[in-house]
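Hello,

I am passing the structure below on to you. My notes on its salt bridges follow.

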Amino acid sequence: MTTTGTPPLPKAELHLHIEGTLEPETVFALARRNDVALPYASVEDLRARYEFTDLQSFLDIYYANMAVLRTREDFAELASAYLRRCPGQGVRHVEMFFDPQAHTARGVPMADVVGGLTDGIDAHAADVSAGLILCFLRDQPAADAEATLRAAEPYLDRIIGVGLDSAEVGHPPSKFTAVFDRARALGLKPVAHAGEEGPASYVREALDELGVLRVDHGIRSLEDDDLVARLRRDRTPLTVCPLSNVRLGCVPGIGLHPLPEMLDAGLNVSVHSDDPAYFGGYADTNYAAARDGLGLTTDQLRTLAENSFAASFLDEATKTMLALRAREWKPGPGPA
Ligand code: HPA
Ligand code: ZN
């Protein structure tokens, strides 16, 4: 939420797939540079295909587009291009997901993926803090996740956590109990997508089997009253992505998104952008959707931003300081 003369609401971005920031123009630029053939006639043709019916219809094009990411420099530019946008949107801290299996399977070395992303992060360290969360692809075998974690071990000083993403239904969290046990033993913070398309029982499993410290999405938790009571009692953070949920058909329209109900239920929710190059906007646009599409008040927007810092893996003093900045934020004249 940017306003002329008014600083944007300070916030943390905790649910962002860095590969989901690959804009169509960049897909074409990298395809040219790396001599990758694209099955699209133009940027407009590619963008016109961003009409999704469900998570899988998005994932198909999301993974296909990644074929243009080949070198350490490509990954550095991807992270840099995203982080450059952050100050203008009030994003002070980012915990970004990346999908190494989608790259190593194409022959890109883990060293180039992590090295490139950290080059980008380091280049913007003066403006925005950022960490990496390595996601396992849940529609691939658990053994592949275990091999991926082993391949990442030399780089763990630059990775703050592990996550679980990709096609949810039919791939419950319990499939990954062993690799999450190992990741936690290595000191990595566990998070997982659950309750996006999958049932509330997957949210329970993510808590019980994987020991997650945050649930990504979690919107279907509302179907289980006992789970809602547990999430409220434990103040479990839920990273909610309104525009993503609409674009993937998880909710029928922005006005029907359960975010207000989640806030009213006392859940520890924050708002994020998931795959902004595909779903129509970055953090500021998702906050604007919460305000304009869902009628959230300024006070509720401040709460979402405070929650985002509290749910982050920053140290306690920094979290408190940034949450206070969010609480003190005042919208200016015009759009907040
Ligand atoms: N859900 C699951 N996996 C993903 C997503 C998502 O929204 N984006 C990128 N990988
Ligand atoms: Zn996601």
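**Salt bridges in the predicted model**

Arginine 33 is partly exposed, with 39% relative accessibility. Please keep in mind that this is a predicted model.

Arginine 33 pairs with glutamate 73, and their closest N and O atoms are 4.0 Å apart. The two residues sit in distant parts of the chain, 40 residues apart: arginine 33 belongs to helix H1 (residues 24–34) and glutamate 73 to helix H4 (residues 72–85). Glutamate 73 has a relative accessible area of 47%, so it counts as partly exposed.

The next pair is arginine 182 with glutamate 153, where the closest N and O atoms are 2.8 Å apart. Arginine 182 is partly exposed at 40% relative accessibility, and glutamate 153 is partly exposed at 29%.

Glutamate 306 forms a salt bridge with arginine 327, with 2.6 Å between the closest N and O atoms. Glutamate 306 lies in helix H15 (residues 298–310) and arginine 327 in helix H16 (residues 316–328), so the pair joins parts 21 residues apart in sequence. Glutamate 306 has 21% relative accessibility; buried means under 20%, so this residue counts as partly exposed. Arginine 327, at 28%, is also partly exposed.

Finally, salt bridges with shared partners join Arg33, Glu73, Asp74 and Glu77 into one network.

Regards

Conventions. Residues numbered from 1 in each chain as written. Chains lettered and ligands numbered in written order. Predicted model: local features only at pLDDT ≥ 70, side-chain atom pairs only at ≥ 80, totals over all residues. Heavy atoms only, no water. Salt bridge = Lys/Arg side-chain N within 4 Å of Asp/Glu carboxyl O. Helix = DSSP H or I, 4+ residues; strand = E, 2+ residues; numbered from the N terminus. Buried < 20%, exposed > 50% of the residue type's maximum accessible area, 1.4 Å probe, protein only.
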